[in-house]
Amino acid sequence: MEPEDAETLRKHYAELADDLDPRAIYGDLIQGGIISSDDKEYIESKEIRRSRAEELIDVLRRKGPKAYGVFKQALLKRGYKHLYQLLEGTENSSSEGKDW
């Protein structure tokens, strides 16, 4: 993974771990050649969903340069638009930029 992409994952680690259920995107990541069945089994060995999400992030950070893009597309495809936008830097806070 490119250093700037790994940094983006680190920066948003808590939000990703809080909201992501890795089970929703395993298929996309395996199909995209990003994780293996062994990676999936290792991640699934974690009992708590948040721990699985944290482990997935850690595994992704060690993968090749296309891992970040495939991960973001999986998020978008599987209903995690808010996380996709967070990683893209386009998530809008409801009060951000408004004069109340």
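Start by selecting Ala 74, which counts as buried because its relative accessibility is 2%; buried means under 20% relative accessible area, exposed over 50%, and partly exposed in between, with a 1.4 Å probe and protein chains only. Ala 74 lies in helix 6. Helices (H or I, at least four residues) and strands (E, at least two) are DSSP runs, numbered from the N terminus. This is a predicted model, in which local features need pLDDT of at least 70, side-chain atom pairs count only at pLDDT 80 or more, and totals for chains, interfaces and linings use all residues. Residues are numbered from 1 along each chain as its sequence is written, and side-chain values use heavy atoms, with hydrogens and water left out.

Keep Ala 74 selected and show what surrounds it. Not counting residues up to four places away in sequence, Ala 74 touches Ile 25 and Asp 28, where contact means heavy atoms within 4.5 Å.

Now zoom out to the whole chain. How many helices and strands are there in the protein? The protein has seven helices and zero strands, and its pattern along the sequence reads α-α-α-α-α-α-α. The radius of gyration is 14 Å, close to the 13 Å from the globule rule for 100 residues, so the protein is as compact as a globular protein of that length. That radius is taken over C-alpha atoms, and the rule is 2.2 Å times the number of residues to the power 0.38. Along the principal axes, the C-alpha trace spans about 50 × 30 × 20 Å.

Colour by burial, and 37% of the 100 residues come up as buried. Among contacts with a separation of 6 or more, 69% are between residues 24 or more positions apart. Switch to a surface view: the accessible surface comes to about 6,000 Å², and 44% of it belongs to carbon and sulfur atoms. Accessible areas come from the Shrake-Rupley method with a 1.4 Å probe; for residues, only the protein chains shown count as cover.

Colour by charge next. Lys and Arg count as positive and Asp and Glu as negative, while His and the chain ends are not counted. The protein has 17 positive and 21 negative charges, and their mean positions are 3 Å apart. The place of a charge is NZ of Lys, CZ of Arg, CG of Asp or CD of Glu.

A search of the whole structure finds nine salt bridges, each a side-chain nitrogen of Lys or Arg within 4 Å of a carboxyl oxygen of Asp or Glu. Select Glu 44 and Arg 23, whose side chains form one of them at 2.9 Å, N to O. This pair joins distant parts of the chain, with Glu 44 in helix 4 (residues 37-44) and Arg 23, 21 residues away, in the loop between helix 2 (13-19) and helix 3 (26-31). Glu 44 is partly exposed at 25% relative accessibility, and Arg 23 is partly exposed at 47%.

Which residues is Arg 23 in contact with, leaving aside its neighbours within four places in sequence? They are Glu 44 and Arg 52. Glu 44 also forms a salt bridge with Arg 52, with the closest N and O atoms 3.7 Å apart. Arg 52 counts as buried, at 6% relative accessibility. For a distance check, pick Asp 38: from Arg 23 it is 15 residues away in sequence and 14 Å away in space, C-alpha to C-alpha.

Move to Asp 39 and Lys 63, a salt bridge whose closest N and O atoms are 2.8 Å apart. Asp 39 is in helix 4 and Lys 63 is in the loop between helix 5 (49-61) and helix 6 (67-77), so the pair links distant parts of the chain, 24 residues apart. Asp 39 is buried at 17% relative accessibility, whereas Lys 63 is partly exposed at 24%. Then select Asp 18, Arg 50 and Glu 54, which are linked in a network of salt bridges.

The last stop is Glu 55, in helix 5. Glu 55 is buried yet has no salt bridge, and the nearest side chain of opposite charge, Arg 62, is 4.2 Å away. Beyond its neighbours within four places in sequence, Glu 55 is in contact with Tyr 42, Ile 43, Lys 46 and Arg 62.
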